[in-house]
Amino acid sequence: DSLEADSAVQDIVVEPATTTTLPNVDWQSPSCPAPAQPLYSFSCGGDDLSEELLGSSSFSGSDAKGTWTTYAWKADAAQFAFGPTGLYVAVDQLSDSVNMYDVAVNQEFHLSPADGPFRSYELCVQAGSAKAGTKLRFAADGGTPFYTVPGMQERHIMELEVGLLSTQCFRFALDPTLKNYNGRVSLEMGSTQTHISICQVSLRSCRQTSNIPGGLEPVRRCYVSPLEAVSGTSCEKEADVAGEEYELNNYAQETSGKQACHRQMRSLGVNTFVFTPGRCQLWNCGTRDALLASAIGTTDMQVYSTQCDYQENAAGKNGMVRRNPVFIKLWEWNFVDIARECEAWIGPNGFDAIQIAPVTDHIVNGSWHAKYQPVSFLLNSRSGTAAEFKCMVATCRAAGVEVMVDVVLNHLARPCDAVGSYGAGAVTPCVGWGGSRYGNRRVAEEPGWQPIGPASFHHFLGDRLINCAVDSETFQCPDSTPPGDCTQCDLFGLPDFDTSSRPVQELLTKHLKELHTLGVTMLRLDAASYMPAKDLSLIINELPWDFVFQEWWAGVPAPSRSRYVGHYRDIFFGRKINAALVLNDVNHLSRLLNITNGLDGMSSQQVLHPLTFHDQRSYDYQPNTPTYKGGLEFHLQQKFFLASPYGHLVRVWGGYGWKNLDDGPPGCSHLDERCVVEPVYNPDGSDRCLPTPVSTPLPDNVRMTHRWVCEHRWQGVAGLVDYRKHCNGKMVTKLWDGDVEHGNLAWRAGSDCFVALQRKMPPRDAALGDWSIVGLVTGLPAGRYCDLSSLSTFKDWNGAGCEREVVLGANGVVIEGVVPEGDMLAIHTEAQIDPTSRAASRQPRSITQGQSLVCHASGGHTAQDMQDDDDDSPIGSSVHLRAPLWAAYWIGATALLTASLQP
């Protein structure tokens, strides 16, 4: 999996740089024109471009020196001359490490995104040099301490012309709800001894919607009611068609019908389709408001449109019903266990979707990252056979759970050692886990798949087997053309697909179409920032998805990328929770409720928030890295993660413990080649998950055990999913923070939700025992409530009792209620303990797709198992149907047992 540095800028001790007057230096770089000429490089033009936003866009005038600040790694390393037409920089000495940020100029700025109609910002720089190969790196960033940078790349690198001036631009967007954004323009040039002329630096905002010429805009799932004609709106039905192509496919999934409806929509030139198996309506909606006004239907048809964004919180009639989706990542679970977990736990407890690791064939290795080194697009992997994968998807969807696959579209695996003895020969001597044969930038032909050769990958001119590299320490790409474009280079030595090539785009789309046809409706894009947004749009948007999000590290992305590709992983929301609940002074505990978003400048509506993820782990317990090793400390963090009033789309974690950070799932050490994954479920149906912890951290003999952990099954997680569904997004209407020095904090959200927690993080916080909240006036209706933070599962729960109860009297005063030490209490008005009303109000989750199946396996799979498995049928001999008679008849009539998928 890819890993990027947060920024190339480091915290360094800056010595004052030398600033000279222009005549004292024999400047050899090109002169700046006098007067300054207008810049024509902005992609936004005309009246849509704002006035200048910087205090000084040139370097002349009496205020230029005060507006621009200069620094160098030591005092005599560089000279800066503010002339009448520009800034002239002489880089005289390079540091031993030769970093671009060793010589730089900066200017602070202040933006107010919420004040105007502007959609994006653009920063342009005009400069030249006296020496070939001179590079200047620039960006607009948030300044210290994080230097988070808008844009797909961390910083833009321009190679300066010798004796000539050139101009390049950097476009970015900010959260439009932000009232203020304070940042800086940074120009870095410390990598070459030379003279540099910087004539103009301009920052402006743009009203235009950010487009990608030649890109394909996605058609996303809307969660609103079906559309009906409404007088006075610009939403009109253009066609209403029916036919066999819109029916369920051979895998009892509706996704093929959606593909057909989507194609019809594109062909007709409209922007919306409304679908139910057997029927396809085509609409054209002039605006999002028009679509919402027309969303008044009462059928179960689903809406897809370019006017919607992924996983919006607006749902139901006119978009007036709030959605609070919760996802879960089952890290490295076998397909058989995932199917069982969907039916037994995930579906009944209200999770919307599961995320799973890559599913294609991969290198033979026991580490977790073997899955991120694919060797073909065959669906046999360490997690199970293609048959078991197909059955798992059908089972989860029948349980009301959508399936999201982590897809690797950026690269294929490095060649094995055996390739070396063949030189540059066109050979494929390497064998993957599932039997695929591959070599150096080659994959052998497989049933249904053409061979892949070196022409499909980026490479140097004249040698198809060699390519530029992404630097493993800086994550920069100085050897690319143009410099700094990492989308062309090999990440960790993994051959980089040439995604601009139409044959490669068709190959990757074919892989995605196979997944979608089988019922996969969501994607996580691995190494997304190493692929151009235009290429990704042409690959993924041939299909209508319910959700797409990109692996992302830092920086506010380009608006065109958000529009054409999808959402982002935001790791900073979880980090802020970790800081408030673990690292910071307990007297500041109430700041926990000020955590409204993660990455500054990024809207919560654009992101998926994880608390933990596989690249953010520690070998042993560390307070600043939330993992299961923290025990009760981690559990309180994941509880608040769900109970927080903020953060629209969250993902919890269900994984395993490790002795080494590279370990694969239990049964597969990082030292293994072939291994057998230990199943989560025992033969008698019990599970091997770690019980809910009671200490911080976990005991040594538990922390360092390579076993299944299943953090999502710990006490209270299921109950808090229900709490989040009811309460997320409601304003905090009352706060109790008078006892935060003892770690006690409580709040009411809206008029019907209440939470109390106690922070107990040894050795920093004193051991005070349980916190009694008797006498606290919550304002909720009187009654007996289930403390959802104590509820282990909703499966078969009828509301008649609860592990912990809260009793409220008149005015919502607490008569009985306690927060266990280091734990949480959470209630809402729909979780009162009343067997009659509760059992009647809580309905089982609906099943809208697929058929209920049982996916059997005799245990984990070795690489040899994959080669021996007969997968001629889409479900295979290891899968057994458990469905009504009519369904079995229909499935048989459509040749489910003999069909082979041809995307």
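Me: Why is Cys477 called buried?
Reply: Cys477 has a relative accessible area of 0%. Buried means under 20%, exposed over 50% and partly exposed in between, with a 1.4 Å probe and protein chains only, so Cys477 counts as buried. A word on the background: this is a predicted model, where local features need pLDDT of at least 70 and side-chain atom pairs count only at pLDDT 80 or more, while totals for chains, interfaces and linings use all residues. Residues are numbered from 1 along each chain as its sequence is written, and side-chain values use heavy atoms, with hydrogens and water left out.

Me: What makes Cys477 and Cys486 a disulfide?
Reply: Their sulfur atoms are 2.1 Å apart, and a disulfide is a pair of cysteine sulfur atoms within 2.5 Å, so the pair qualifies. The torsion about the S-S bond is about 115 degrees, which means that this disulfide is right-handed. Cys486 is also buried, with a relative accessible area of 9%.

Me: How many disulfides does the structure hold?
Reply: There are 13 of them. One of these joins Cys235 to Cys285, with 1.8 Å between the sulfur atoms. Cys235 sits in strand β13 (residues 235-242) and Cys285 in strand β15 (residues 279-285), so this pair ties together parts that are 50 residues apart in sequence. Helices (H or I, at least four residues) and strands (E, at least two) are DSSP runs, numbered from the N terminus.

Me: How do you know whether Cys235 and Cys285 are buried or exposed?
Reply: By relative accessible area: Cys235 has 4% and is buried, and Cys285, with 1%, is buried as well.

Me: Why is the disulfide of Cys342 and Cys396 called right-handed?
Reply: The torsion about its S-S bond is about 85 degrees, so the disulfide is right-handed. Cys342 belongs to helix α4 (residues 335-346) and Cys396 to helix α5 (residues 386-398), so the pair ties together parts that are 54 residues apart in sequence. The sulfur atoms are 2.1 Å apart, and both Cys342 and Cys396 are buried.

Me: On to the rings. How many aromatic pairs are there, and why is Tyr310 with Phe547 called edge-to-face?
Reply: The structure holds 27 aromatic pairs. Tyr310 and Phe547 lie 6.2 Å apart centre to centre, with 90 degrees between the planes. Rings of Phe, Tyr and Trp (its six-membered ring) pair if their centres lie within 6.5 Å; planes under 30 degrees apart count as stacked, over 60 as edge-to-face and the rest as tilted. Tyr310 is buried at 1% relative accessible area, and Phe547 is buried at 0%.

Me: Why is Arg323 said to lie over the face of Tyr223?
Reply: Arg323 lies over that face at 3.7 Å from the ring centre. A charge sits over a ring if NZ of Lys or CZ of Arg is within 6 Å of the ring centre and within 35 degrees of the ring normal. Arg575 likewise lies over the face of Phe572, at 5.2 Å from the ring centre.
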